[in-house]
Amino acid sequence: MENLLSNARTHTPPGTRVHVRVGMTEAGRGTGGTDRPGRTTASPPLPEGLPISVVEVADEGPGLEPVDAELVFERFYRADPARSRSHGGSGLGLAIAATIAEGHGGRLELDTAPGRGCTFRLVLPAADSGPERR
Ligand SMILES: Nc1ncnc2c1ncn2[C@@H]1O[C@H](COP(=O)(O)OP(=O)(O)O)[C@@H](O)[C@H]1O
Ligand SMILES: [Mg+2]
């Protein structure tokens with residue numbers, strides 16, 4: 001969450017608007033958790049209709065080309081190393097966040113296209129969604 005916010009700040013031009021949304025819904029194409037064109041993730045899809053909690057960080061920045069969007073969850077990947085070096089990013093933030101999300105039975109995903117900004121979405125199974133309950 002913190003990394004998503006700092007990414008939205010450091011990897012977009014100054015003044016770029018960022019929207020944070022939190023909610024509960026069911027996994028699906030429109031809500032998150034399942035796959036669709038323009039969405040990338042390092043994790044498998046959740047079952048369609050699964051109750052989920054969602055935290056979304058959506059920026060109005062330049063967005064990413066599909067080839068970069070496919071790679072942002074890889075360790076050490078930085079779409080623009082020349083610029084990224086100036087803020088000292090390691091390229092590990094999203095890889096770590098994605099691993100943690102998957103450890104909790106959820107996933108981290110990105111909806112983006114050039115000119116459409118980046119919407120990073122943390123999707124977790126809702127606390128009372130059955131087998132996941134402890
Ligand atoms: N909101 C964003 N807008 C555009 N590019 C982004 C955004 N968030 C992440 N990226 C790209 O994904 C790469 C990987 O992000 P991350 O794993 O957090 O590493 P770091 O922030 O250390 O560079 C970044 O270097 C950047 O190229
Ligand atoms: Mg980062």
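A polar contact is a pair of N or O atoms within 3.5 Å. In this predicted model, the side chain of asparagine 7 meets that limit, with an N or O atom 2.9 Å from an oxygen atom of ligand 1. Aspartate 59 also reaches the ligand through its side chain, where an N or O atom lies 2.8 Å from a ligand nitrogen atom. At glycine 91 the backbone takes part: one of its polar atoms is 2.8 Å from an oxygen atom of ligand 1. The protein buries 96% of the 530 Å² that ligand 1 exposes when taken alone.

The shell can then be described as a whole. There are 21 residues around ligand 1, and those that come nearest are Asn7, Asp59, Ala79, Gly91 and Leu94. By class, the shell holds nine nonpolar, nine polar and three charged residues. Three elements each supply at least two of its residues: α1 (2–10), α4 (93–103) and β5 (118–125). Of the elements, α1 gives the most, with three residues.

The largest nonpolar core has 13 residues, and Val72, Phe73, Leu94, Leu110 and Phe120 have the most contacts inside it. Two or more residues of this core come from each of α1, α4, β4 (107–112) and β5. Valine 72 touches Leu64, Tyr77, Leu94, Leu110 and Phe120, leaving aside residues up to four places away in sequence. Another core, of six residues, lies apart from the largest one and includes Ala27, Leu46, Leu50 and Val54.

Methods
Residues numbered from 1 in each chain as written. Chains lettered and ligands numbered in written order. Predicted model: local features only at pLDDT ≥ 70, side-chain atom pairs only at ≥ 80, totals over all residues. Heavy atoms only, no water. Near = heavy atom within 4 Å. Polar contact = N/O pair within 3.5 Å; in protein donor to acceptor, adjacent residues only side chain to side chain. Areas by Shrake-Rupley, 256 points an atom, 1.4 Å probe, with all protein chains shown as cover. Helix = DSSP H or I, 4+ residues; strand = E, 2+ residues; numbered from the N terminus. Nonpolar A, V, L, I, M, F, W, Y, C, P; charged D, E, K, R; others polar. Core = buried A, V, L, I, M, F, W, Y, C linked by side-chain atoms within 4.5 Å. Buried < 20%, exposed > 50% of the residue type's maximum accessible area, 1.4 Å probe, protein only. Contact = heavy atoms within 4.5 Å.
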